[in-house]
Amino acid sequence: MTGLLSICMVILLIVVYTQHVNHSRRNQQLTEIQKKLEQIHRTQSAEKLLLFTDDKQIIGVIEQINELLVDHEKALANYAKTEIAMRKMISNISHDLKTPLTVVLGYLETLNLSSERISDEERNRLLTRVHGKTVEVIELIHTFFDLAKLESGDKHVELTRVDMSELCRKNILQFYERLSKRGFEVDIQIPEASLYARGNEDALDRILNNLISNAIEYGADGRVLGIALRSDDTHLFVDVWDRGKGIPEQHQDRVFERMYTLEDSRNKNYEGSGLGLTITKRLAESMGGSIELHSKPFKKTIFTIKLLRMS
């Protein structure tokens, strides 16, 4: 009986000692993790936790911490990218507003300093230019506000059943004189039978106006512009295309970004604001649709609007 009691005590001591060792080891590992996290936080490094252990719970904690560190690193990168984009946007907005206002100031100074010597014809000419530049500034401000409303969700876009066949014909006909003067060949592929989409007519007019204007301005080298309306069982697709200089592949994913500019960029429809294609994308998305770009310079550049089809 005494021998059995001794064995039990030995086993108990071994268990207690083992628990103590494990507890001490875990405390040491947790201390190492804490120090490493403090170092990562202090240096703002992208380093991850690395600890050799067979403790499954510690391993699980390390894996979760490393996932959080990865997410934190991505968040910091996105914040830095957004901050740079916002600074660039503010700079571009300031420039876009300053340029016409400087011209207006110059005209007004001319009128003020030369009021007695200037002819009525010249005065009217300058006043007309002042008016034109003032309208330009107002339209630019409206563009900024429109984008802000779209991105914040404050701009309600009412959706109805829209005859896309008629809408596409109407928009391309509005550019007939401009296309003719610039020597464009126009390829129109719009079904005679009406095709209907779930959308907003004003928003779609703005989208098509933007895309056609861009195709004329930046596809002028190819002297060909096309518009096509097609469908499948669930969606309608509007293609606006040209054979101009196109957009290099490395820039195609970014042309819809706010204020993204590249040399000869198409994303400058609103007097250089860099918001034309951004607003186009937001409008398409507000109708439950999307826009895609495929471009092979001097072969074919296509902007495709995708909308939900209605019967």
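**View 1. Contacts of Val238 in the predicted model.** In this predicted model, Val238, once its neighbours within four places in sequence are left aside, is in contact with Met164, Cys168, Leu208, Ile227, Ala228, Leu229, Phe303, Thr304 and Ile305.

**View 2. The largest nonpolar core.** This core has 46 residues, of which Met164, Leu204, Ile207, Leu211, Leu225, Val238 and Phe303 touch the most other members. Helix H6 supplies the largest share, amounting to eight residues. In soluble globular proteins, nonpolar side chains tend to be buried together.

**View 3. The aromatic pair Phe256 and Phe303.** One aromatic pair is found in the structure. The ring centres of Phe256 and Phe303 are 6.1 Å apart and the ring planes stand at 90°, so the arrangement is edge-to-face. Because Phe256 belongs to the loop between helix H7 (249-252) and H8, whereas Phe303 belongs to strand E7, the pair ties together parts that are 47 residues apart in sequence. With a relative accessibility of 11%, Phe256 counts as buried because the cut-off is under 20%; Phe303, at 2% relative accessibility, counts as buried as well. Phe303 is also one of the residues that touch the most other members of the largest nonpolar core, and it is among the contacts of Val238.

**View 4. Charged side chains over aromatic rings.** Arg161 lies over the face of Tyr196, at a distance of 3.5 Å from the ring centre. In another such arrangement, Lys300 lies over the face of Trp241, at 4.3 Å from the ring centre.

**View 5. The whole protein, for orientation of the close-ups.** The secondary structure comprises eight helices and seven strands, and 35% of the 311 residues count as buried. Among contacts between residues at least 6 apart in sequence, 69% join residues at least 24 apart. The accessible surface comes to about 19,600 Å², and 54% of this surface belongs to carbon and sulfur atoms.

Notes. Residues are numbered from 1 along each chain as its sequence is written. This is a predicted model: local features need pLDDT of at least 70, side-chain atom pairs count only at pLDDT 80 or more; totals for chains, interfaces and linings use all residues. Side-chain values use heavy atoms; hydrogens and water are left out. A nonpolar core is a set of buried Ala, Val, Leu, Ile, Met, Phe, Trp, Tyr and Cys residues joined through side-chain atoms within 4.5 Å. Buried means under 20% relative accessible area, exposed over 50%, partly exposed in between (1.4 Å probe, protein chains only). Helices (H or I, at least four residues) and strands (E, at least two) are DSSP runs, numbered from the N terminus. Contact means heavy atoms within 4.5 Å. Accessible areas come from the Shrake-Rupley method with a 1.4 Å probe; for residues, only the protein chains shown count as cover. Rings of Phe, Tyr and Trp (its six-membered ring) pair if their centres lie within 6.5 Å; planes under 30 degrees apart count as stacked, over 60 as edge-to-face and the rest as tilted. A charge sits over a ring if NZ of Lys or CZ of Arg is within 6 Å of the ring centre and within 35 degrees of the ring normal.
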